[in-house]
Amino acid sequence: GDVYKRQAMACIEDDLGAPVDAIFAQLEREPISAASLGQVHRGVLHSGERVAVKVQRPGLREQITLDLYIVRNLAGWLNRNVRLIRSDLVALIDELGTRVFEEMDYLNEADNAERFARLHAHNSRIAVPRIHRQATSRRVLTMEWINGVKLTNLEAVRDLGIDPDDLVQVGVNCSLQQLLEHGFFHADPHPGNLLALPDGRLAYLDFGMMSSVSREARTGLIQAVVHLVNRNFSKLSKDFVNLGFLAEDVNLEPIVPAFEQVFGQALEMGVSRMDFKAVTDDLSGVMYRFPFQVPPYYALIIRSLVSLEGIALSVDPNFKILGAAYPYFARRLMEDPD
């Protein structure tokens with residue numbers, strides 16, 4: 001541990017070009033948490049502001065480059081030799097690789113955090129830590145220390161006098177807005193990165209893994225949901241072509257009854273009770289029978305929604321993301337000129 005602590009301090013001095021004491025009035029040598037790619041230390045700036053300082057793990061870049069290289073070669077081989085996998089694995093891994101390298105550059109994360117804060121500035125229920133640029137570099141990120149409790153720690157949230165369900169709703173609305181309005185979303189809404197604050201706000205902490213969705217894809221997504229809810233399966237199959245899931249020349253005729261089969265049952269129960277994970281699982285079955293492909297950007301959206309649903313379920317076991325989302329979709333449709 002000591003070697004590591006020395007390395008972390010050396011990394012800070014190296015990257016920020018000044019002794020630790022010149023930048024921080026105090027900095028705890030023991031990290032409070034180890035993130036996947038770095039670790040977080042508590043500190044205080046000379047201005048008296050409390051901060052969280054994230055320092056990258058030494059040797060990380062080399063390690064990850066090697067891992068990605070190996071995985072990518074393996075994916076190429078799988079794609080050539082195993083016919084089942086329709087998705088372009090190499091493209092998926094490249095997409096993920098791009099995200100990982102972005103995640104390793106804290107300047108990029110600082111930009112993301114500031115952009116996210118700007119986009120959600122009007123939302124009085126969302127908090128984003130301020131970035132201290134003078135103490136931030138590629139491998140060191142210094143941000144405002146935020147006092148709160150993890151959203152998944154229900155007892156602690158209730159002790160603050162806050163209703164966890166209400167906060168989940170705030171989070172779900174915020175996520176849908178990220179996905180459908182701004183097209184700039186958290187690809188990894190990890191439970192540890194969402195805090196409940198005493199004043200009733202929800203704080204987002206980690207902006208390493210952000211992804212973008214084009215305007216066409218956002219509009220297409222909204223259309224698809226509406227066609228789904230209205231049981232217009234032939235239009236839904238065309239949406240899948242527009243979103244890049246099906247090639248232009250695919251015969252859609254046999255796909256329509258397959259959709260009917262997958263979604264018909266789920267819809268009987270009503271949108272508010274549709275289980276996103278169950279539906280995506282059923283849908284994968286259909287995807288194997290027809291020449292579907294998953295566009296790389298979309299894999300991140302699904303991952304984001306599945307982890308979001310997971311967080312919500314840990315707070316409210318009966319939570320259904322599609323039910324929570326539908327009022328939002330309906331409102332957007334009525335307001336959106338498109």
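Analyst: Two strands count as paired if DSSP finds at least two bridges between them. Strands (E, at least two residues) and helices (H or I, at least four) are DSSP runs, numbered from the N terminus. The model is predicted: local features need pLDDT of at least 70, side-chain atom pairs need 80 or more, and totals for chains, interfaces and linings use all residues. Residues are numbered from 1 along each chain as its sequence is written, and side-chain values use heavy atoms, without hydrogens and water.

User: What makes β4 and β6 a pair?

Analyst: 5 bridges join β4 to β6 (residues 140–144). The cut-off is at least two, so they pair. The two strands run antiparallel. Lys54, for instance, has Leu141 as its bridge partner in β6.

User: What joins β3 to β4?

Analyst: 7 bridges, with β3 (residues 38–45) and β4 antiparallel. Gln39 has Val55 as its bridge partner in β4. The two strands form a hairpin with 4 residues between them. In that turn, Gly48 has a positive phi of about 95 degrees.

User: Why is β4 called largely enclosed?

Analyst: Buried means under 20% relative accessible area, exposed over 50%, partly exposed in between (1.4 Å probe, protein chains only). In β4 (residues 50–56), 6 of the 7 residues are buried, so the rest of the structure largely encloses the strand.

User: What makes Asp15 and Arg139 a salt bridge?

Analyst: A salt bridge needs a side-chain nitrogen of Lys or Arg within 4 Å of a carboxyl oxygen of Asp or Glu. Here the N to O distance is 2.8 Å, so the pair qualifies. Asp15 lies in helix α1 and Arg139 in the loop between β5 and β6, so the contact ties together parts 124 residues apart in sequence.

User: Why does Asp14 count as exposed?

Analyst: Its relative accessibility is 58%, so Asp14 passes the exposed cut-off. Arg139, at 23%, is partly exposed. Asp15, at 25%, is also partly exposed.

User: Which residue meets Asp14 in a salt bridge?

Analyst: Arg139, at 3.4 Å, N to O. Asp14 sits in helix α1 (residues 2–16), 125 residues from Arg139.

User: What ties the loop between β1 and β2 to strand β3?

Analyst: The side chains of Glu28 and Arg42 meet in a salt bridge at 3.4 Å, N to O. Glu28 is in the loop and Arg42 in β3, so the pair links parts 14 residues apart in sequence. Glu28, at 32% relative accessibility, is partly exposed. Arg42, at 31%, is partly exposed too.

User: Which residues do shared partners join into one network?

Analyst: Asp14, Asp15 and Arg139. The structure holds 11 salt bridges.
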